[in-house]
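Welcome! Let us look at a structure together and learn how to read its features one by one.

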Amino acid sequence: MREITFSGVRLIAQPSGALYWPEQGALIVADLHLGKSARMARRGGALLPPFETLDTVARLEAEVTRIGPRRLISLGDTFDDDRAAGEIAPEISARLSALAARIETVWIAGNHDPAGRGRAVEDMRLGPLTLRHIAGAGPDVSGHYHPKANIARRSHRAFLVGGEHLILPAFGTYTGGLDCDGPELRALVGPGIAVLTGPGMPVRPIGQSAARQSR
């Protein structure tokens, strides 16, 4: 785990890619993309083993059990497309419903699952922060970009923390990622830090040149 202070708020980044807000009792995740393998197969893409939905839901259940939050907030793109919610296996759908019945659950709309479909809301104000899918007026907590960061020549999913934006890594098992040193994320986040997921959760600066990052 790695403690983050963002806009005066104490948050705890988890190795899984989830974010815990102790003061609010909120466990926050982004970009589950449930049903991605089925969507790729349906559209003629790569045929991936169809186990990512079960794995993603099982990891989410484990985080809720381990941390014991009062509420769960998903920052959009819970499903990979409009058809995915109806295509996931009934037992997995039942597990999602059971999870939502255990604690207060908020589904925020993403570009893959827009508002107006099901129970998703456009955004959520919590304390001094706005929670949404795509970063907007800060300070906010968002997802969408699936950020990754390199350290010791290896790529890891990462939390990006800047002055106005905190961007979560994708929680979904089959999600790709966008390099935090690329122009889009450098321009959006500005100078800040990347908190890498996985063992040890190392921290490295962002918003510097690639040459400086590799030292």
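This is a predicted model: local features need pLDDT of at least 70, side-chain atom pairs count only at pLDDT 80 or more; totals for chains, interfaces and linings use all residues.

Q: Where do I begin? How many helices and strands are in the chain?
A: Begin with the inventory. The chain holds six helices and 15 strands. Of its 215 residues, 50% are buried.

Q: How do I read a sheet, and in what order do the strands of the open sheet run?
A: Strands of a sheet pair through backbone hydrogen bonds, in either a parallel or an antiparallel sense. Here six strands form an open sheet in the order β1-β2-β3-β4-β5-β6, with mixed pairing. From one strand to the next, the twist averages 25°.

Q: Could we zoom in on one pair: in which sense do β4 and β5 run?
A: β4 and β5 (residues 71-74) pair in the parallel sense, over four bridges. For an example of a bridge, find V29, whose partner in β5 is S74.

Q: Which strands of the sheet does α2 touch?
A: Helix α2 packs on the sheet and touches β3, β4 and β5. The direction of α2 makes about 160° with that of β4.

Q: Let me pick a residue in that helix, T56. Is T56 buried or exposed?
A: T56 sits in helix α2, which spans residues 52-67. Buried means under 20% relative accessible area. T56 has 1% relative accessibility, so it counts as buried. Its side chain makes a polar contact of 3.0 Å with the side chain of T173. Leaving out residues up to four places away in sequence, T56 touches L32, L34, F171, G172 and T173.

Q: And what should I look for in a nonpolar core? Which residues have the most contacts inside the largest one?
A: In soluble globular proteins, nonpolar side chains tend to be buried together. In this chain the largest nonpolar core has 25 residues, and I73 and L131 have the most contacts inside it. Several strands each supply at least two residues of this core, including β1 (2-6), β7 (124-126) and β11 (154-161). The largest share, three residues, comes from β2. Apart from this core lies another one of 20 residues, among them L34, L72, L96 and L99.

Q: What does L131 touch?
A: Not counting residues up to four places away in sequence, L131 touches W21, I28, I73, L75, I108, D123, M124, L126 and V141.

Note on methods: Residues are numbered from 1 along each chain as its sequence is written. Side-chain values use heavy atoms; hydrogens and water are left out. Buried means under 20% relative accessible area, exposed over 50%, partly exposed in between (1.4 Å probe, protein chains only). A polar contact is a pair of N or O atoms within 3.5 Å; within protein, one must be able to donate a hydrogen and the other to accept it, and residues adjacent in sequence count only if both atoms are side-chain atoms. Contact means heavy atoms within 4.5 Å. A nonpolar core is a set of buried Ala, Val, Leu, Ile, Met, Phe, Trp, Tyr and Cys residues joined through side-chain atoms within 4.5 Å. Two strands pair if DSSP finds at least two bridges between them. Axes are lines fitted to C-alpha atoms, for helices over the stretch in contact, and angles run from 0 to 180 degrees between N-to-C directions.
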